[in-house]
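Subject: Structure handover

Hello,

The structure I promised is below. My notes on the ligand site and on one strand follow it.

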Amino acid sequence: MLAMNYRGPFRIRVDRDKPVPKIEHPFDAIVRVTRSLICGSDLHLYHGLVPDTRVGMTFGHEFTGIVEEVGSGVTKLKVGDHVLVPFNIACGSCPFCKQELYGNCHESNPEATAVGGFFGYAHISGGYDGGQAEYVRVPYADVGPTVIPEGLDIEDAALLTDVVPTGYQAAEMAGIRKGDTVVVFGAGPVGIMAARCAWLFGAGRVIIIDHIEYRLEFAKKYAYCEAYNFKEMDDPVMFLKRQTDWFGADVCIDAVGCDAAGSAMQTITGKKLLFQAGAATALHWAINSVKKGGIVSVVGVYGPPFNLIPLGSLMNKGITLRANQASVKRLLPKLIDHVLAGRLNPKGLITHRVPLEEISDAYHIFSAKRDNCIKPLLIPPRANFA
Ligand SMILES: NC(=O)c1ccc[n+]([C@@H]2O[C@H](COP(=O)([O-])OP(=O)(O)OC[C@H]3O[C@@H](n4cnc5c(N)ncnc54)[C@H](O)[C@@H]3O)[C@@H](O)[C@H]2O)c1
Ligand SMILES: [Zn+2]
Ligand SMILES: [Zn+2]
C-alpha cells in the first residue's frame, strides 16, 4: 500500500509497497483510510523534537476510514462502517479510561505512564503506525472508532478526530466564566478552534497571539476574535497587561507547545541544544499574562523532559494550571451536535487538499507556513467511499 514514511528530521517520503496491516489481536480492525490530516503535533516529529521517533514510521493520527476487516472479539463495528477514529488509542476499561481520560489510557502504551497510545506517533506513545496511509490497524476497535452519523460531512468528521476536541477541551479546561477575557497563544488550527470554542463557554473577549500575519487574519474571521502579532510588540506580556487593565487575562490558553518561536534563550536551549523539551515560550507568556488567581490551559504539546517555565509566578500568583491531551471520545457526542447544528464549522479550517502521494510537499508547506496554509487534508488514491 501507499504510506507516508519518516526518514529522519525534515525528510518524508512515500512508500509504495508498505505491507497492508493485518489483524494482530481479536479487538483489532483494519480500516481503509478515506481522509487524513497533518497535525501540528506531527510537526514536532518532523522537526526531530520528539524522543524515539523511529525511521520507517507512518505518521497520522487524524483519519476517517471504512472498516475492511474486524477481529473475532469486535462486536460493535462491522465491515463497511464508515468511521472517524479518535487520535487516542484507548482500551476503554482501565481506571483512566473509566474516568473518560482516554488520552491517558494505561494499557495502550507500554512505554510511558503519562500519555496513552496515539496513532502514528513516536514510540514514547506506543509506536503504532498511523493514518497517513491507505490502511491502518485500529486496536480496541470497539472503543474509539465512531460511525460517522448521517449528514456529517467527511471533512468535518476528519477534524473531529483531533482539532475540534482539542480546541474545545482547551476552552473547557480554561474554566471560562461569562464575560471572561481569554487569550489564546497560537493561531494554528488548534488555537483558532480554541478561540472559536471560547465563545461557546461565554467568553466576553477573545484575543489570539501569533507572529504569522495570514494566520492572524484567518483567525479574526474564523473565530471572531482580536488578533495581534507578537513580532510587533516589545514585550507580549506587557502588551497583554495593557489590554486587560493591567490585571491580566482571566484565562490564557497555550496552543503552541514545544515548537514555539519568540525567545532566543528558549529556542537555543530547547530547539538547538535540546537541554529542555523544546521551547516553552508560549507557556511562559501565558503564565505571566494571566491575572492572579487565573487559569492557564495547556494543549500545546511538550515532551517528557523538563522545561524552563516560571514556576515562581505560577506559585505566587495562585494560578491554576490545567493541561492534557484531548479526550476525544468523551467530547464527540457534544461536538457532533455542535457541528450538525452549524455552531462549529471544522472544515472551514482546511486550506489544502492534497493527494497522499504528495505528502512530502504537504509537510513542507504546513511546516514552513507557506501558501497561507492553515490545515492540509490528505486524500489517498483508494479513498472512494460512495
Ligand atoms: N493536547 C492535544 O490533545 C493536542 C492535539 C492536537 C495538537 N496539539 C498541539 O497543539 C499545538 C498546536 O497545534 P497546531 O496544529 O495548531 O500547530 P501549528 O504548528 O499549525 O500552529 C502553531 C502556531 O503557533 C504559533 N506560534 C509559535 N510560537 C508562538 C508564540 N511564542 N506565541 C504564540 N504563537 C506562537 C505558530 O506561528 C503557529 O501558527 C501543537 O503543540 C500540537 O502538538 C495538542
Ligand atoms: Zn494532533
Ligand atoms: Zn485504558
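A polar contact here is a pair of N or O atoms within 3.5 Å; within protein, one must be able to donate a hydrogen and the other to accept it, and residues adjacent in sequence count only if both atoms are side-chain atoms. By that rule, an N or O atom in the side chain of Asp 210 lies 2.6 Å from an oxygen atom of ligand 1. The protein buries 96% of the 860 Å² that ligand 1 exposes when taken alone (Shrake-Rupley method, 1.4 Å probe). The backbone also makes contacts: an N or O atom of Ala 261 is 2.8 Å from a nitrogen atom of ligand 1.

This is a predicted model, where local features need pLDDT of at least 70, side-chain atom pairs count only at pLDDT 80 or more, and totals for chains, interfaces and linings use all residues. Residues are numbered from 1 along each chain as its sequence is written, chains are lettered from A and ligands numbered from 1 in the order written, and side-chain values use heavy atoms, without hydrogens and water.

There are 33 residues around ligand 1 (a heavy atom within 4 Å). Helix α1 (40–46) gives the largest share of this shell, 4 residues (helices are DSSP runs of H or I, at least four residues; strands are runs of E, at least two).

In strand β3 (29–37), 9 of 9 residues are buried (under 20% relative accessible area, 1.4 Å probe, protein chains only). β3 pairs antiparallel with β4 (63–70) over 7 bridges (pairing needs at least two DSSP bridges). There, Val 33 is the bridge partner of Gly 65.

Regards

Key: Buried means under 20% relative accessible area, exposed over 50%, partly exposed in between (1.4 Å probe, protein chains only).
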